[in-house]
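Please read the points below with the model open.

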Amino acid sequence: TTTFRCTSLADDQTYNWAYLIFVPSTNTSTLRPYISSGFPYPAVTGVQPDQAISFTIANRQTSVNTGAIKLLVNAVDVSTSITLSNNAAGTVVSYISPTLFASNSTNTVTAIFTDNAGTPVTTTNTWQFFVTTYQVVALPAAYALPPGTINSTPGFAIRINKARDDAPVTDFPTTLATAEAQLANIIIDNTTHLPYVNLATNASGSDLYSEVNTINYDITGAPSGSYTFPTKSPFPYITANGTNNFIAMEALMYLQLAPGTYRFAVRSDDGFQLSAGPAPGNTNTILALFDGGRGNGTPTTFFFSVQAAGLYPMRLLYDQGQFSGNIEFYSIDHTTGASTLINDPSTPGSIKAYSGAAVLLLNPAHTGSNSSFSFTTLAGHTHTVQYKNAVTDPTWSTFKIVAGDGSVTNIVDSTASGITRYYHVVTQ
């Protein structure tokens, strides 16, 4: 008998009038439970392969019979694996698949439930969702090292290099190849005709840093842009500042992993590459990368599988061009969706990282076809001296294996007759 008036202002500043009239309903049918919300919802695309299925059955004049709820996923009855959360308003139904949904797949969900009326009525809802395209990289069991075979220092062995902020942008294109060349100290400063001076060193001039916590850095030392974790640290040996251009960093690690499938993420501004292999200095199995400049608004998430428990050597490469710069390295739980920084000491369930042992190469020299350098060996460790003739070579070649006893060893390579040769030492 009365009206409810809705008033709206049009673009031309005139008023448009609308009326919503309530009238008695002559429909006497019973309002039964229905699915009011959930995810993945019908026809949604880009769903992650470990996404949980969850939906709410809302009660109305009758309530859902929780003991009669059935769920089918791709025509397979998974009702015995669902979990229910009930209150007077309704029931939340949740299901987590024990395996990943296939890449680029169409998946069908069927929910069947009955109400508690004197004459029960069964309702069936069927819908589909679409999983994103992805791949799962399988790490060979041969990569796994038994626990106790390396130095158990927690964290990451980091090497870092920073050029001056006003260097020509053309000398530092935002690519992973630039990061490799910068770490190798072969980018030439045309003002001095020498390699760019590394501004990221400690008081002794070393670019090596032992990170015992997490890789969660920002050039400002504080969160900027988008981020997963609200607390940040400055990059090693680099004073926090709004302008910190041209940074290259590598982090070597052994990750302690059990058999299973893992979902990792790197949120970075700019590029990164995570790789694995039989040793931190020989990591040619690429798990994920982004090669180029980007903001940190969209992290790169990726999957890999582990067949055997052990310590897996990995290398994380990072490249910062200009303007903002940051990186977060973390895992994502399949069940809860929670993000946890790798090696987070404040989270007992975090994936542990160990830096192993590292040595500093000293007194490099080259005469004719002879290259030489020295380093102090570590007692109880094995040092593998490796080389390659170009930064872009896919693999390192072994030159010599040295048993560590704490003494200084001199390495002389009389076969270095090419234009360039690069060396590193893998310590285990």
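The numbered points below go from the whole chain to single contacts.

1. Basis. This is a predicted model, in which local features need pLDDT of at least 70 and side-chain atom pairs count only at pLDDT 80 or more, while totals for chains, interfaces and linings use all residues. Residues are numbered from 1 along each chain as its sequence is written, and side-chain values use heavy atoms, with hydrogens and water left out.

2. Overall form. The chain has one helix and 31 strands; helices (H or I, at least four residues) and strands (E, at least two) are DSSP runs, numbered from the N terminus. The radius of gyration is 29 Å, well over the 22 Å that the globule rule gives for 428 residues, so the chain is more spread out than a compact globule. That radius is taken over C-alpha atoms, and the globule rule is 2.2 Å times the number of residues to the power 0.38. Along the principal axes, the C-alpha atoms fill a box of roughly 100 × 60 × 35 Å.

3. Of the 428 residues, 43% are buried. Buried means under 20% relative accessible area, exposed over 50%, and partly exposed in between, with a 1.4 Å probe and protein chains only. Contact means heavy atoms within 4.5 Å. Among contacts between residues at least 6 apart in sequence, 70% join residues at least 24 apart.

4. Nonpolar cores. A nonpolar core is a set of buried Ala, Val, Leu, Ile, Met, Phe, Trp, Tyr and Cys residues joined through side-chain atoms within 4.5 Å. The largest one has 39 residues, and those with the most contacts inside it include M253, F264, L274, M314 and F329. Strand β17 (residues 247-257) gives the most to this core, with six residues. Apart from it lies another core, of 22 residues, with V64, I82, V93 and A111 among them.

5. M314. What does this residue touch beyond its neighbours within four places in sequence? The contacts of M314 include L139, A251, L252, M253, L255 and L257, as well as L274, T283, L287 and F304.

6. Strand β18. Eight of the 10 residues of β18 (residues 260-269) are buried, so this strand is largely enclosed by the rest of the structure. Two strands pair if DSSP finds at least two bridges between them. β18 runs antiparallel to β21 (residues 300-306), joined by seven bridges, and T261 has S305 as its bridge partner in β21. Six bridges join β18 to β23 (residues 326-332), also antiparallel, with S331 of β23 as the bridge partner of F264.

7. Strand β28. Six of the seven residues of β28 (residues 382-388) are buried. β28 pairs in the antiparallel sense with β29 (residues 397-403) over six bridges; there, T398 is the bridge partner of Q386. Six bridges also pair β28 with β31 (residues 422-427) in the antiparallel sense, where V425 is the bridge partner of V385.

8. Aromatic pairs. The whole structure holds 17 aromatic pairs. Rings of Phe, Tyr and Trp (its six-membered ring) pair if their centres lie within 6.5 Å; planes under 30 degrees apart count as stacked, over 60 as edge-to-face and the rest as tilted. The ring centres of F55 and W127 are 5.8 Å apart and the planes are at 90°, so this pair is edge-to-face. F55 is in strand β4 (residues 53-58) and W127 in strand β10 (residues 122-130), 72 residues apart. Both F55 and W127 are buried. For Y134 and F303, the centres are 5.4 Å apart and the planes at 50°, so the pair is tilted. Y134 lies in the loop between β10 and β11 (136-139) and F303 in β21, so the pair ties together parts that are 169 residues apart in sequence. Both Y134 and F303 are buried.

9. Aromatic cluster and ring-charge contact. F156, Y262, F264, F302, F304 and F329 form one aromatic cluster. R294 lies over the face of F290, at 4.5 Å from the ring centre. The criterion is NZ of Lys or CZ of Arg within 6 Å of the ring centre and within 35 degrees of the ring normal.

10. Helix α1. Six of the eight residues of α1 (residues 176-183) are buried: L176, T178, A179, A181, Q182 and L183. These buried residues pack against β12 (156-162), β17, β19 (271-276), β20 (285-290) and β22 (310-320). Just after α1, N185 takes a positive phi of about 60°.
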